[in-house]
Structures are given as structure tokens and as C-alpha cells.
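Student: Could you help me read this structure and its ring contacts?
Tutor: Gladly, let us look together.
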Amino acid sequence: MASHSNSGPLVMLAPKTKTKKKHFVQQKVKVFRANDPVLSVFMWGVNHSINDLNQVPVPVMLLPDDFKANIKIKVNNHLFNKENLPGHFKFKEYCPQVFRNLRERFGIEDLDYQASLTRSQPAKGEGQSEGLFTSYDRTLVVKLISSEDVADMHNILSEYHQHIVKCHGSTLLPQFLGMYRVTVENEPNYLIVMRNMFSHRLVVHRKYDLKGSLVSREASDKEKVKELPTFKDVDFRNNMQKVYVTEEQKEKIMEKLNRDVEFLVKLKIMDYSLLLGIHDVGRAEREEEEAEEPSCEDEGDAENGLNPQAGSFGTSPEGIAGYMNSFKPLGPGEFDPYVDVYAVKSAPGAPQREVYFMGLIDVLTQYDTKKKAAHAAKTVKHGAGAEISTVHPEQYAKRFRDFISNIFA
């Protein structure tokens, strides 16, 4: 106590400023705490792999071997930090150089990627499907996938990378940023990281999964009662829903879509959907006003994403969206196009002020024997002309494009 009082304020201040950065590093050591050991190991592994990659020079060009490469780490009798991490685990990263290159092409810095995934555990979002998590700052999505998906990803990775290079990262396809295997208690879990197609700050009020098929393409009653149901093609038509963007924006979107769809046809991929999220600016403003009225506990709102500015991911400028909070507060319905890359504003004069999020999802299904069998069965059931979703990739693409070009007002 005495020594404490002897040290004047200057002595106290000096180490404080010095250790600021260190404090962040120390915090990282403790941070891999998740309510699920798989997520804890995932966070530990991503942190470890990015730190390691930072020591490795970026290759001048990617070689064929980079598309087959992987890095494995096996940890036994892990005593350090044992309240957060299991004693034995394995972590494997697939094609680290390729994904590093993709992150760069998508304008995501490795240290931001690392911070977004490891500063706090990825969480299950409201109304999200099983096995889908969102990074704590809501910029990334972590998805549990199957070992078949990993194989499919390997099959298309080289072509996918070429496509991203060719279109300079301007695509409606998922932005694949990393792929991992986490083994806890001899149970392998496969995870893929993608950029979140929805906004890290604007709430999505309605969402649609559109395939351009009308057979069995309606949200079930069970789905419809969810807080944020995923509606489908029939619902889109019945709701008289439209996307109100300018002619120029529509052209841009369709140009990207056509380019991406041609790529998918070339790889014999089908069954993909357009994910459409709609943010209603007026409704968000009303909800924010209501949220501001009671001055007592507002914490619930931050959780629901109504008021993400209010400390729902701290004020530290680390992480993909972090710098935004630190220097430019955004107004209602505004977004940063560098972070919300799938977003587009409704046209002036549209019936409602809206922000649309559009991207292609489920792009790993190749037209294989399983699909051919399903197609044969459905043709028998619905007749050859019926608009069913399992058709040949070319047919699927044509129907899909026709449908999407008509969603615009």
C-alpha cells in the first residue's frame, strides 16, 4: 500500500500507456473461451494460424500444391488455459496460402480477420439455421460443413480462385475466407468461414431464399412462425414483393449474377439460391426511437441488433468492422460498402426506403448421381414440364436467371 502511494501519477501513467497493446495480447491468451470446446479450439487455431502465417512471406504466385496443402497441429496434455480448452485436440487448416490470397482479394486484412474471429466467441444468430455462427462483430459467418463439402470445396477451389481474380473480387458468390477441421474427443468438425452477406449493423426484417422454382418452394407453417422466417419463391410471388433499385444498379447486379452463374454452370453446379435480405429503414427508425425511450436497461436491444452501435462489439477499432465505429457514425439505413459488400440501397422514389442484401448461397452442390436420381423421381411425380428444382445445371441456370431478372420493380 505504502509503495503505491509513493509512486506519483507520472509513474502510474507511464506503464499504462506502454502496456496498452500488451493488454490486448494478454487478453487474447485468455480469450478462447466459448461455451463449446469446438469453438474454443477453433478460436485458438485461427489465432495460431494467422500468427504463423504472418511469419511467412506472401508467395509471388500460388502453385498447384498450394491448393492441396494443409497445416496440422496436434496438442496433447494441454495444461495451459485448461478451463477454456480441452486437454487434447487437433486443428487443421486447409490451403492456408490460397485462403490468405482470397482474403486479400476481398479486402480483408489478416489481423482484422483474426480479431473478428478470436476476440470473442462466434455466436448463434437469431433465427439462424443449425451449425451457423456469426463472428462477435457480425462481419463473418462460420458454418459447420460435412467432409463431403470439404471435398467439394477442394474440387472447385482452383477455379473459384481464378474466377475471383478475374472479376477482381466483385462477385455475388460467397466470399470463402478459410476452411478448418477441429477434432475434439476424436470427433472431427469441419468449418468454413465466409463474409456475412447481411449487415453487421442493419437488421434484416425479411428474407427470401430464391431458386426460380415454384414446386415445393413455399415456407412451411413451422418456418412462418419464426422471428425471421426464410420465405421462398412462392411466398415472394404471393407477397407481391419487389426489389426497387435504379436501372443502373439492376444492370450491375445482373452483370455480376450472370458472370457468377456462368461459372457455376461450367463447374456443373446447381441447386444454389439467391439469398435476399431486406432492411426496412422506416421500421428501423421507429424501433430505435422506441428503444431509446425507456432509459433503464437497454441491453436487450444491442443483443437483437437493433442498436449495434451501443457497445455490442466494444469500441476497440480491432476487427473487420471495428474502424467504422471509431470514425464515422452512420445514420439510419446507411452502410459502408467496403464492409457490407452485398448491400444496395433502394432507388429514390421507391415505395419504401429499403436496403437489400443479395448473394448466392449453397454453391457446392454438383450435379452428381444423387441429383440425377432426385430429378428422375421428381419428373415422374410432377411431369416433365414442372418447375422442379433438380434439373440440369444449364436448365437450372436459365430458369434461375429469368426468375431473378424479374424480381426487380
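Student: Where does the charged end of arginine 103 sit?
Tutor: The charged end of arginine 103 lies over the ring of tyrosine 113, 4.5 Å from the ring's centre. "Over" means that NZ of Lys or CZ of Arg is within 6 Å of the ring centre and within 35 degrees of the ring normal. Lysine 124 does likewise with phenylalanine 133, at 4.8 Å from the centre of that ring.
Tutor: Before we go on: this is a predicted model, where local features need pLDDT of at least 70, side-chain atom pairs count only at pLDDT 80 or more, and totals for chains, interfaces and linings use all residues. Residues are numbered from 1 along each chain as its sequence is written, and side-chain values use heavy atoms, leaving out hydrogens and water.
Student: Why is the pair of tyrosine 272 and phenylalanine 400 called edge-to-face?
Tutor: Rings of Phe, Tyr and Trp (its six-membered ring) pair if their centres lie within 6.5 Å; planes under 30 degrees apart are stacked, over 60 edge-to-face and the rest tilted. Here the centres are 5.0 Å apart and the planes stand at 85°, so the pair is edge-to-face.
Student: What makes tyrosine 396 and phenylalanine 400 a stacked pair?
Tutor: Their ring centres are 6.3 Å apart and their planes meet at 10°, so this pair counts as stacked.
Student: How do you know whether tyrosine 272 is buried or exposed?
Tutor: Buried means under 20% relative accessible area, exposed over 50%, partly exposed in between (1.4 Å probe, protein chains only). Tyrosine 272 has 0%, so the residue is buried. Phenylalanine 400 is buried too, at 0%.
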